[in-house]
Amino acid sequence: MLHGIDVSNWQGAVDWGGHADDGVAFAFAKATEGGTFTDRWFERNWTGMRENWIVCGAYHFARPAGDPEEQARRFLGTVERAGGLRRGDLV
């Protein structure tokens, strides 16, 4: 069985090396929410997952009242600025 975790700004600084040592195989990190919020830890989390050979996943917390295209652009731009997607990433 694969072990994975989900992180967001609520966890603060994540010890990705420690999670890798504990057998975490994949993780999802919150990137954005609605049309205006970007998780301040996302880029650090994305990099930390990569550096520790944890399969990277990113997610957007949608706000139904917002513009869906604006939210999608924000999410994709945030992931791109953090290093972009690679084959095998989860979004």
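**A walk through the loops, a helix and a pocket**

Guide: Let's start with Gly66, which is found in the loop between strand S4 (55-61) and helix H3 (68-81). Helices (H or I, at least four residues) and strands (E, at least two) are DSSP runs, numbered from the N terminus. This is a predicted model, where local features need pLDDT of at least 70 and side-chain atom pairs count only at pLDDT 80 or more, while totals for chains, interfaces and linings use all residues. Residues are numbered from 1 along each chain as its sequence is written, and side-chain values use heavy atoms, with hydrogens and water left out.

Visitor: Is Gly66 buried, exposed or partly exposed?

Guide: Buried means under 20% relative accessible area, exposed over 50% and partly exposed in between (1.4 Å probe, protein chains only). Gly66 comes out at 31% relative accessibility, so the call is partly exposed.

Visitor: And Arg40, buried or exposed?

Guide: Arg40 sits in the loop between strand S3 (37-38) and H2. Its relative accessible area is 69%, so Arg40 is exposed.

Visitor: Which side chain of opposite charge is nearest to Asp39?

Guide: Asp39 is in the loop between S3 and H2. Lys and Arg count as positive and Asp and Glu as negative, with His and the chain ends not counted; a salt bridge needs a side-chain nitrogen of Lys or Arg within 4 Å of a carboxyl oxygen of Asp or Glu. Asp39 is buried yet has no salt bridge, and at 5.8 Å the nearest side chain of opposite charge is Lys30.

Visitor: What covers the buried residues of H2?

Guide: In helix H2 (residues 42-51), the buried residues are Phe42, Asn45, Trp46, Gly48, Met49 and Arg50. Taking contact as heavy atoms within 4.5 Å, the cover includes strand S1 (3-7), helix H1 (16-21), strand S2 (24-33), S4 and H3.

Visitor: Which elements give two or more residues to the lining of the largest pocket?

Guide: On a 1 Å grid over the protein atoms alone, a pocket is an open set of points where a 1.4 Å probe fits, with protein on both sides within 12 Å along at least five of seven lines, and lining residues have an atom within 4 Å of a point. Lining the largest pocket are Met49, Arg50, Trp53, Ile54, Val55, Cys56, Arg86, Arg87, Gly88 and Asp89. The elements giving two or more of these residues are H2 and S4.
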